[in-house]
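Hello,

Here is the structure I promised to pass on. Please open it first; my notes follow below.

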Amino acid sequence: MSGHFESNGAGELLSRASAFARGTYPLVGRLSMPGSDPTRDDATGMVRSFALRMTLPHGEDWRLAMNSTPIFAVRTPEALFEQLQAGARDPRTGHADPAKMQAFLDGHPEARAFDRYVDGHPPSSGYDNATYYGISAFRVTDAHGVRRFVRWKVVPEHPYRSVDTQDQRDPDFLSYDLTTQLAIGPLRWHLTLDVAQTGDPLDDSTREWSRSPDRLRIDVGTVVIERAQTQIDGPCRDVVFDPTILPDGIAPSSDPLLAARSAAYSVSFRRRVQEEAAAARASAH
Ligand code: HEM
């Protein structure tokens, strides 16, 4: 998909990043369902994802990779590895061993917060009406050198509606509906920054920040998605949505997930491109 970001200038209060200077900046992005199996039925997906690359002046860019949950299941890459191992299917039975997942949860009670969130928040009916969260905290620096920590999200203009069986009429209903909506007109989300208050965790993506009514929250502009393009040869295919690629004025926090994601996304990207090239060679023969 592609479109643009309409920055309203309000973000300059928090960060000197060029993205927050009033103006319009090109976007390339991908809406997707997490997981490693592209043939999976969309009806099974409890989470939706939104990745964006914003092209900024002077060769800078900002990559955002967000999920439709405000928290992640685990705090560290090591815990994610344990969780993936616990949920892996036994090649002999074709099923994961529930005892292994139970043992993982017993050792990582923090992961239950994510399950509770997902149980209490049914997925949206489409990609267009979900809120997507950056989850990790990031450090922003303003023009005077003042540093603060923020978490961001993009909030849809289309009101949230939970998915129902009518929406789930086709295994690929999410991208089908997205393409249909974009043929009618652009989709919009508001990029909103929440500023950390004393006591908010800055390195723990399993915990939400308090719902304090006096938290500073700034709508910094509008993400406008205008065109759908195919994954196979569209502009998002060759982008690594590494969340540590940031413009000056925004930096990663000490959240251990961020560095791990940076490393994992490049390996995944390389393997994905190699597999696609091999498939293209095979179909040419
Ligand atoms: C240590 C934790 C994590 C690991 C190891 C991990 C790993 C991965 C990998 C390997 C990919 C595929 C990348 C590619 O092929 O280009 C991916 C995609 C993605 N991840 Fe994560 N992830 C982690 C945490 C998160 C979190 C916390 C979020 C949300 C804030 C997130 C959001 C996304 C999104 C949106 C994509 C899709 C990017 C695209 O469309 O290319 N991930 N992740």
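**What I found**

H5 is the biggest contributor to the shell around the ligand, giving eight residues. Bear in mind that this is a predicted model.

I will stay with the ligand for a moment. The shell holds 23 residues, and Arg30, Ser49, Ala51, Ala65 and Ser268 come nearest. By type, the shell has 14 nonpolar residues, six polar and three charged.

Now the chain as a whole. It has five helices and 10 strands. The C-alpha atoms fill a box of roughly 60 × 50 × 35 Å along the principal axes. For 285 residues, a compact globule would have a radius of gyration near 19 Å; the chain has 19 Å, so the two agree. Buried residues make up 30% of the 285. Take the contacts between residues at least 6 apart in sequence: 72% of them join residues at least 24 apart.

Next, the strand pairing around E9 (residues 217–227). E9 pairs with E1 (residues 2–7) in the antiparallel sense, over six bridges. In that pairing Glu6 stands opposite Thr222 of E9. E9 also pairs with E8 (residues 187–195), again antiparallel, over eight bridges. Here Thr192 stands opposite Asp219 of E9.

On to the core. In soluble globular proteins, nonpolar side chains tend to be buried together. The largest nonpolar core here has 49 residues. Phe50, Leu52, Met66, Val150, Val154 and Val223 touch the most other members. Leaving aside neighbours within four places in sequence, Val150 is in contact with Leu14, Ala137, Phe138, Val140, Leu193, Asp194, Val195 and Ala196.

Is Val118 buried, exposed or partly exposed? Partly exposed, because Val118 has 16 other C-beta atoms within 10 Å, and 20 or more would be needed for buried. Beyond its neighbours within four places in sequence, Val118 is in contact with Met46 and Thr69. Tyr25 sits 93 residues away along the chain, and the C-alpha atoms of Val118 and Tyr25 are separated by 33 Å.

Last, two backbone points to check. Most residues other than glycine have a negative phi. Two residues here have a positive one.

- His58: phi is near 60 degrees, a positive value in a residue other than glycine. His58 lies in the loop between E3 and E4. His58 is exposed, because 7 other C-beta atoms lie within 10 Å.
- Ile135: phi is near 65 degrees, also positive in a residue other than glycine. Ile135 lies in the loop between E5 (132–133) and E6 (138–141). Ile135 counts as buried, because it has 22 C-beta neighbours inside 10 Å.

Best wishes

Conventions
Residues numbered from 1 in each chain as written. Predicted model: local features only at pLDDT ≥ 70, side-chain atom pairs only at ≥ 80, totals over all residues. Pairing = 2+ DSSP bridges. Helix = DSSP H or I, 4+ residues; strand = E, 2+ residues; numbered from the N terminus. Near = placed C-beta within 6 Å. Nonpolar A, V, L, I, M, F, W, Y, C, P; charged D, E, K, R; others polar. Rg over C-alpha atoms; globule rule 2.2 N^0.38 Å. Buried ≥ 20, exposed ≤ 12 C-beta atoms within 10 Å, placed from the backbone. Contact = placed C-beta atoms within 7 Å. Core = buried A, V, L, I, M, F, W, Y, C linked by C-beta atoms within 7 Å.
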